[in-house]
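Subject: Structure for you to look at

Dear colleague,

I am handing over the structure we spoke about, and below it you will find my notes on what turned up when I went through it. Please read them with the structure open beside you.

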Amino acid sequence: MTQLRITEIFCSLQGESRSVGYATVFVRLTGCPLRCYYCDTKYAYSGGTLIDIDAIVEQVQGYAVPYVTVTGGEPLALKTPGSGEASKNHWNNLSLLTSNDQVKFVICDRNDFDWSKRILEKYQLTDTCEVLFSPSVDEMDATQLADWIVEERLPVRFQLQLHKILWGDKPGV
C-alpha cells in the first residue's frame, strides 16, 4: 500500500491561487527540500506520520468540501533570490507546466521583482500557465509590489496570502 508522510490534514479557507476564499482541505506533506528563510511551515520540515493513501482520501472526504490542496513543499523546487535558496532551482521542471498550473513568485524586494520578470520573459511562463506575484509578508510592501506590476503592465495576478491576513502564521488554519 502506498503511503505519504503527512504533517497535518485540516480544513480552512484557501489563502492563495485561483481558488482563494473557498473552503479547502489541506493535506500538508512533510519534508520540503528547500529551506527558504521566510517559510511559514518550518514545523513540516521533518516528523510527520506515514499514512496510507486510502486513509488520506477517506479523511479528506470526511470534510465534505469540493477543494483539496496538497501542500508542504515546493513542487517545482524554484524560488526567487530573496528566499536564500535560488541556487537550488530546478529549471527543467518548468517544462512540465501546463495551462492547468499556476506558478507563484514570492517577492521580497525589487531585486526579486526584476529577477522574476526576467524569468517570465526567458521561459515565456505566461504563455504556458497562470503566474502569481505575492509579496513576502515581512519583507515586501504589498502596495509597492502592486504598483510595480501596474507600472510594468505585467500579465501576472497579484496575490495576497488571505490565510496570513486572517490567521497569521498559526498552523493548521
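Predicted model: local features only at pLDDT ≥ 70, side-chain atom pairs only at ≥ 80, totals over all residues.

I would begin with helix H2, which covers residues 110-123. At the N-terminal end of H2 sits Asp-109 as a cap, with a side-chain oxygen 3.1 Å from the backbone nitrogen of Asn-111. After the helix comes Gln-124, whose phi is positive, near 45 degrees.

The buried residues of H2 are Asp-112, Phe-113, Trp-115, Ser-116, Lys-117, Ile-119 and Leu-120. They pack against strand S5 (102-107), helix H3 (125-128), strand S6 (130-135) and helix H4 (142-152).

Among the buried residues of H2, Lys-117 deserves a careful look. Lys-117 counts as buried because its relative accessible area is 15%, and the cut-off for buried is under 20%. Leaving aside neighbours within four places in sequence, Lys-117 is in contact with Phe-133, Glu-152 and Leu-154. With Glu-152 there is also a polar contact of 3.0 Å between the two side chains. The C-alpha atoms of Lys-117 and Glu-152 are separated by 9.4 Å, although the two residues lie 35 residues apart along the chain. For Lys-117 and Gly-62, which are 55 residues apart along the chain, the separation of the C-alpha atoms is 42 Å.

Glu-152 itself lies in helix H4, and with a relative accessibility of 32% it counts as partly exposed. Apart from its neighbours within four places in sequence, Glu-152 is in contact with Arg-110, Phe-113 and Lys-117. Its side chain makes a polar contact with the side chain of Arg-110 as well, at 3.4 Å.

Next in the chain is Arg-153, in the loop between H4 and strand S7 (157-158). Arg-153 has a positive phi of about 55 degrees although it is not a glycine, and its relative accessible area of 66% makes it exposed. Most residues other than glycine have a negative phi. Ser-17, another residue that is not a glycine, has a positive phi of about 80 degrees. Ser-17 is placed in the loop between strand S1 (3-13) and strand S2 (23-29), and it is buried, with a relative accessible area of 17%.

In the loop between S6 and H4 you will find Ser-136, which is buried with a relative accessible area of 4%. Its side chain makes a polar contact of 2.3 Å with the side chain of Glu-139. Not counting residues up to four places away in sequence, Ser-136 touches Tyr-38, Val-106, Ile-107 and Cys-108.

With kind regards

Definitions and conventions:
Residues numbered from 1 in each chain as written. Heavy atoms only, no water. Helix = DSSP H or I, 4+ residues; strand = E, 2+ residues; numbered from the N terminus. Expected span 1.5 Å × (residues − 1). Buried < 20%, exposed > 50% of the residue type's maximum accessible area, 1.4 Å probe, protein only. Contact = heavy atoms within 4.5 Å. Polar contact = N/O pair within 3.5 Å; in protein donor to acceptor, adjacent residues only side chain to side chain.
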